[in-house]
Every structure is written in structure tokens, then in C-alpha cells.
Amino acid sequence: MTAQMHVPSLLSRAGAVSALTLAAVGGTLVAPGAAPEAQAATAHASKALTVAAAKKGAPYKYGAVGPSRFDCSGLTLYAYKQAGKTLPRTAQQQYNKTRHISASSRQKGDLVFFHSGGRVYHVGIYAGSGKIWHSPKTGSWVKLDKIWTSKVLYGRVR
């Protein structure tokens with residue numbers, strides 16, 4: 001059991017706990033049923049990553065959004081929908097909707113956008129260690145691949 005899990009019982013016994021006390025026990029102050037924005041984003045991203053990985057081997061089909069066939073943006077749309085977030089249909093639209101982040105800020109579950117000539121043409125979900133889950137092209141399937149180019153942008157689903 002983590003210190004964070006002890007905080008609600010500490011709050012219920014003490015009635016109120018100062019921020020210093022919470023810091024001392026390593027807890028966080030959260031309203032019942034709510035999560036801080038960063039924790040909520042991380043939870044959605046983690047769920048989306050898990051959903052995408054579970055689709056390993058699902059065949060690519062242009063325009064498909066699941067649950068058994070996907071194109072690239074269909075996979076990201078489906079994975080995030082299962083995680084409780086709504087994304088637009090295409091890779092470019094998804095890029096336009098995300099909060100753009102630097103490569104050094106990327107986290108597992110962030111979206112990785114491949115671009116050329118000012119347009120986004122492919123998207124995947126960052127899996128860590130320079131790899132993404134994606135549905136790459138006709139004749140292929142959902143799989144984990146190393147990011148093969150430096151021409152990528154990163155976005156965090158809000």
C-alpha cells in the first residue's frame with residue numbers, strides 16, 4: 001500500500017490535513033471522485049496505450065476505426081475513446097487538437113505524429129524507449145515499432 005492510499009484514511013480521521021502534513025506523508029490532496037489534471041491525463045494515456053497494445057495483430061484497413069481493423073488514426077481514436085477521450089478522425093485533425101509537447105516532455109501514451117512538407121501523414125501512440133504502437137499501412141497490422149525518423153511531433157490528449 002502506498003502513502004497516497006493512506007491519505008483518505010488520514011483525512012477521515014483528522015478531518016483536515018495541512019499541505020505540509022500531506023507532503024510529509026507523500027500524499028496528494030484530491031477532491032472525492034476527482035483527479036488532478038496531470039494524473040487524469042496520465043490515466044487516460046495509460047489506458048489508451050494498454051488498449052492499443054491489446055490490438056496487436058489487428059489488420060490495417062484504410063478508414064477503419066475498430067474494433068478489429070484499423071488505420072493509423074483509427075487506432076488512436078479507438079484507443080483514446082476506450083480511455084474516455086474523444087479525438088477527431090484524421091492524423092492531422094488529431095495533431096491540431098492535442099497539446100503540442102517537446103520530445104523531452106513526451107510520456108507513454110502521448111501521440112507521435114509523422115510529418116512532411118507541413119502536413120501530418122501518420123500517428124501512433126508512444127510506448128516508451130523510442131517505440132510506438134501503430135497501424136502502419138495496407139498489408140500490415142497493429143504492431144510495436146521503433147520510431148524510424150526524427151521528423152516527428154508529439155501531442156498530449158487533453
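Helices (H or I, at least four residues) and strands (E, at least two) are DSSP runs, numbered from the N terminus. This is a predicted model: local features need pLDDT of at least 70, side-chain atom pairs count only at pLDDT 80 or more, and totals for chains, interfaces and linings use all residues. Residues are numbered from 1 along each chain as its sequence is written, and side-chain values use heavy atoms, with hydrogens and water left out.

**Stop 1: helix α4**

Select residues 72–82, helix α4. Buried means under 20% relative accessible area, exposed over 50%, partly exposed in between (1.4 Å probe, protein chains only). Of the 11 residues in α4, 9 are buried, so the helix is largely enclosed by the rest of the structure. Among them are Cys72, Gly74, Leu77 and Tyr80. Now step just past α4 to Gly84, where phi is positive, about 90 degrees.

**Stop 2: strands β2 and β3**

Show β2, residues 111–116. Two strands pair if DSSP finds at least two bridges between them. β2 and β3 run antiparallel, joined by 6 bridges. Pick Ser116: Arg119 in β3 stands opposite. The two strands form a hairpin with 2 residues between them. In that turn, Gly117 has a positive phi of about 60 degrees.

**Stop 3: strand β4**

Move on to β4, residues 131–134. β4 pairs with β3 in the antiparallel sense over 3 bridges. Select Tyr126; its bridge partner in β4 is Ile132. β3 and β4 also form a hairpin, with 2 residues between them. End on Ser129 in this turn, with a positive phi of about 55 degrees.
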